[in-house]
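User: I have a structure open and would like to talk it through with you. Could we begin with the strands and then move on to whatever else comes up?

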Amino acid sequence: MLSLKPQDIAVLLKIVAMKGRWTVAGLARDIYLSPSETHAALSRAEQAKLFDGSSRCVRLESLEEFMLHGLQYVYLGVKGELTRGMPTSIAAPPLVGKHFDEPDIPPVWPHPMGLKRGYSLEPLYKKAPDAAAADNDFYELLALTDALREGTSRIRSVATSELKSRFAEYALYTGGLK
């Protein structure tokens, strides 16, 4: 029986951020997973029809549909206690500044090196803050994912538009699968 894990979505988003230029070993290193965890994530994503193993491309339409219509129900964005961490969702690029003012109490991924104080939001997977700190494109995709997980309908609408734009860019580089 197939059971997607949140890190499977992160692996696919990292492939999108890398615009299709990746190896399993490099992908694993960049997202702080082991090569076996990364390979297993790709296998589960392929079973779920979110990834095409033969072309090594993300199935954009399927991933988009899942993210826009299922993600918030499967990988809940639950608000927690006030803590120090790394801004996400509406408090992170590309939403903050471009579409919204910074909230008084922003959502943050709890992290010891975090510079913002806000309400905690569990990251999609444990090492997301570390991986996001090293790759701005991946950070933005994860922040948009969090906006879909926990945002209001207005926030979700803007995040959807931004996410679709990034998926279209990936398709240009890879001839991305529909």
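User: In which sense do β3 and β4 pair, parallel or antiparallel?
Analyst: This is a predicted model, and in it strand β3 (residues 79-87) pairs with strand β4 (residues 107-110) in the antiparallel sense, over three bridges. Within that pairing, glycine 85 stands opposite proline 110 of β4.

User: And how many bridges join β4 to β5?
Analyst: Two bridges join β4 to β5, which covers residues 116-121, and these two strands run parallel. Proline 107 has tyrosine 119 in β5 as its bridge partner.

User: What does the chain's secondary structure come to overall?
Analyst: The chain comes to eight helices and five strands. Read from the N terminus, the order of elements is α-α-α-β-β-α-α-β-β-β-α-α-α.

User: Changing topic to charges: how many salt bridges does a search of the whole structure find?
Analyst: The search finds 13 salt bridges. One of them links aspartate 135 with lysine 14, where the closest N and O atoms are 2.4 Å apart. Aspartate 135 sits in the loop between α6 (128-133) and α7 (136-150), while lysine 14 belongs to helix α1 (residues 6-17), so this pair ties together parts that are 121 residues apart in sequence.

User: Are those two buried or exposed?
Analyst: Aspartate 135 and lysine 14 are both buried.

User: What about lysine 19, which partner does it have in a salt bridge?
Analyst: Lysine 19 forms a salt bridge with aspartate 137, with 3.6 Å between the closest N and O atoms. Since lysine 19 lies in the loop between α1 and α2 (24-31) and aspartate 137 in helix α7, the pair ties together parts that are 118 residues apart in sequence. Lysine 19 is buried, at a relative accessible area of 15%, whereas aspartate 137 is partly exposed, at 36%.

User: And how far apart are the closest N and O atoms for aspartate 130 and lysine 127?
Analyst: For the salt bridge between aspartate 130 and lysine 127, that distance is 3.8 Å. Aspartate 130 counts as partly exposed at 24% relative accessibility, and lysine 127 is likewise partly exposed, with a relative accessible area of 35%. Elsewhere, salt bridges that share partners join Lys98, Glu140, Glu162 and Arg166 into one network.

User: Which residues is methionine 67 in contact with, leaving aside neighbours within four places in sequence?
Analyst: With those neighbours set aside, methionine 67 is in contact with Ile9, Leu13, Thr145, Leu148, Leu163 and Phe167.

User: Last topic, the overall shape: what is the radius of gyration, and what would a compact globule have?
Analyst: The chain has a radius of gyration of 15 Å, which agrees with the value near 16 Å that a compact globule of 178 residues would have. Along the principal axes, the C-alpha trace spans about 45 × 30 × 30 Å. Buried residues make up 52% of the 178 residues, and, of the contacts with a separation of 6 or more, 66% are between residues 24 or more positions apart.

Key: Residues are numbered from 1 along each chain as its sequence is written. This is a predicted model: local features need pLDDT of at least 70, side-chain atom pairs count only at pLDDT 80 or more; totals for chains, interfaces and linings use all residues. Side-chain values use heavy atoms; hydrogens and water are left out. A salt bridge is a side-chain nitrogen of Lys or Arg within 4 Å of a carboxyl oxygen of Asp or Glu. Helices (H or I, at least four residues) and strands (E, at least two) are DSSP runs, numbered from the N terminus. Buried means under 20% relative accessible area, exposed over 50%, partly exposed in between (1.4 Å probe, protein chains only). Contact means heavy atoms within 4.5 Å. Two strands pair if DSSP finds at least two bridges between them. The radius of gyration is taken over C-alpha atoms; the globule rule is 2.2 Å times the number of residues to the power 0.38.
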